[in-house]
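Good morning, colleagues. Please bring up the model, and I shall take you through its sheets and its contacts with DNA.

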Amino acid sequence: MPSMASNNSTHTAKINQLNGPKADFVARRQKIEKHRKALPIAAAEKRLVDEVSNNDVLIIVGETGSGKTTQLPQYLLNGGFGRNGVIGITQPRRVAAVTVAKRVAEECGVTLGQKVGYAIRFEDVTSTSTRIKYMTDGLLLREALLDPYLSKYSVIIVDEAHERTVHTDVLLGLLKTVQKKRSQGVNDTVNNHRIQTENGIESQKENELQSTSIMKNNQGKKLSPLKLIIMSASLDAKIFSDYFGGARAVHVQGRQYPVDILYTHQPETDYVDATLITIFQIHLEEGPGDILVFLTGQEEIESIERLIQERLPKLAESKRKLLVVPIFASLPSEKQMKVFMPPPSGFRKVILATNIAETSLTIPGIKYVIDPGMVKLRTYDASTGIEPLIVVKTSKAQALQRSGRAGREGPGKCYRLYPESEFYKLKASTTPEIKRCNLANVILQLKALGVDDILGFDFIEEPERMAIIKSMELLFLLGAFTDGSKLSDPVGHQMARLPLHPIYSKALIVASQFNCLEEMLIIVALLSVESIYYAPREKLEESRTALRSFSSPEGDHLTLLNIFRASDEFLEKSKLVISQDKAEKKLRKWCKQNFINSRSLKHARDIHSQIRRNVEQMGLHVTSCGEDMLPLRRCLAASFFLNAALKQPDNTYRALSSGLVVKIHPSSVLFRMKPECIIFNELVRTNQNYVRNVSTIDYLWLPELAPQCYALQE
DNA sequence: GAGCACTGC
């Protein structure tokens, strides 16, 4: 064998020498083919294609490493399913859509964006020749607003369905009805779909628009039936099968190395301490291999990091080679990259991570996983509308996902810091997101898709009635509905078209009437991203000084506007003398000097240009209020009137709609000013109720601008 | 005078 191998490589090297890049290409193709054939799913190619031919809905249970995401679309294309339409594959995350598309384009030997492409928000790398299209599930939902029958697709594959994101859940419901309608034929359903609106010429226009687009796609012939494939990890195939009327489920083997699961004998009272002990125990007693620890948040990660650093010097010098690497989403990207770098020779890496390491990124070299069994979860309280984060026990599925991270490159070990009996008491899977979030956007989208009766919609799992009703109330107050709770025209339809929280969508529509849409587009873009401020604890004062020149006495909204404009001016000025790339690099430096998170600012810039395009297409007039901030401030009051609060004698505030006692968050420019009347965008509950993104308004504006909520006292 | 799991349009 060894001599064979060496002969082979000499042979290849010779060809390389003779034919250069072409032989390189051939060698790479051969390597790719070999890799593809070795995947567990490869043996099932014909069977899978037959299953898809014979079943309109197919559930595929594929374990990690089966190759289903990259291979199945290629099998279907070769099986002829791309002839009558595009094969679409949805992913919950943007990076996944992009990286998988790149990989498949390479495997097919085509340029990305031609036969194989991807589409995510802000980026469409597809063309008319695209047959395999990877995309985020949220993007496909948006496409459905313009093409309710998803007529360009012959097959839709919903990948990672077990994650049960809101988008996946809504998409499954939509696909179920789309499939039914497409198999029935389109002609008689067009008029029933979303069109039962009693008012207005506008909506008729929109209906006509839709009918024509369907006709065009249809070219006079009936739309072909839609094939639907749901791909999921093993635990809950039955849920999907039942939802699709007992659809057939097939199983595809994965490729994972065995992982030893170890439990504690007793429940741990202090899991931070237990985590520390386990880290050192592995480090001192186990063979080489990196350690991945799952923790609940930044604070916990930083405190454990400190504790490790304190204890390390107490070890024998030869045992001190332990490199601690934290990772969480809000960490600047250059620091995040450290988890992918190999440690100095002889060192063991211990990675302290949040959930980000569960699915979003895969870290190489992990042999040991420590799982304390806790996770920080966003919840939703329908009665107050607050969405607090709480620490809860993981689910069984999550525990399995975490332990699986130890078996990607070889056999591994997972230390669960609770007794085995506790594992069996865990919930099978995490409560789907749709049951623990604000539903305003979901409802708006469903209404725009023609679902009139939200309470009667066939959700795979029903959200709470109260959560639906609360969100309907909000949409009603924003003017998105008619009295018959249909989407209003034009406001409701315009709101549904914008990729923003409904409150912000409405703010844009209001701003067009106040002649300050130019300004509001900026403010809403900034309110839609993570905080753009970045101040490490040790440089708090320095950052405050840097930001002082932007701050406005009128509040955080105008401050945000000032920062955006300053950054934009800086970028435009740079672009006059240097290339776009260099100018953007220079902007990042500017951000750093001013303690601004450049990732968030970039995101806001992208959103800004997208929503600016959206409102222009909708025919709204983008005008500016110029130097006069009064109309803009009145517009903020008219837009965010539901979140108004009045100062009380003790300098706290009372929120007018909920009656909650709140304080201005210390990060606000108004923290010390304590104006009489404010509006705010966010209510966070920690030890107290804090409001963030606050502006001062004149309280007399409320009855004038929002008489439906506020009446003048006699 | 305070902290923010993770995604997505």
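A backbone N or O atom of Ala329 lies 2.4 Å from a phosphate oxygen of DNA strand B. Please bear in mind that this is a predicted model. Lys376 also reaches a phosphate oxygen of DNA strand B, here through a polar side-chain atom at 2.6 Å. For Arg142, a polar side-chain atom is placed 3.4 Å from a base oxygen of DNA strand B.

Which element gives the most to the surface near DNA strand B? That is helix 6, with 3 residues. The elements that give two or more residues are helix 6 (137–146), strand 14 (374–378), helix 20 (540–548) and strand 21 (689–696).

One open sheet has 8 strands in the order 4-3-5-2-6-7-1-8, with mixed pairing. Its edges are strand 4 (123–125) and strand 8 (248–252), each of which pairs on one side only. Neighbouring strands of this sheet are turned by 20° against each other on average, direction ignored. Helix 3 (residues 45–54) packs on the sheet, touching strand 1 (57–62), strand 7 (227–232) and strand 8, and its direction makes about 170° with that of strand 8. Within the sheet, strand 2 (residues 86–91) and strand 6 (residues 153–158) run parallel and are joined by 5 bridges; Thr90 has Val158 of strand 6 as its bridge partner.

Another open sheet has 6 strands in the order 9-16-13-10-12-11, and its pairing is parallel. Why is one side of strand 9 and of strand 11 left without a neighbour in the sheet? Strand 9 (259–263) and strand 11 (322–327) stand at the edges and each has a single partner strand, so one side of each has no neighbour there. From one strand to the next, the twist averages 20°.

In this sheet, strand 10 (residues 290–294) pairs with strand 13 (residues 366–371) in the parallel sense over 4 bridges, and Ile291 has Tyr368 of strand 13 as its bridge partner. Helix 13 (residues 396–404) packs on the sheet, touching strand 9, strand 10, strand 13 and strand 16 (412–416). Thank you for your attention.

Note on methods
Residues are numbered from 1 along each chain as its sequence is written. Chains are lettered from A and ligands numbered from 1 in the order in which they are written. This is a predicted model: local features need pLDDT of at least 70, side-chain atom pairs count only at pLDDT 80 or more; totals for chains, interfaces and linings use all residues. Side-chain values use heavy atoms; hydrogens and water are left out. Two strands pair if DSSP finds at least two bridges between them. Axes are lines fitted to C-alpha atoms, for helices over the stretch in contact, and angles run from 0 to 180 degrees between N-to-C directions. Contact means heavy atoms within 4.5 Å. A polar contact is a pair of N or O atoms within 3.5 Å; within protein, one must be able to donate a hydrogen and the other to accept it, and residues adjacent in sequence count only if both atoms are side-chain atoms.
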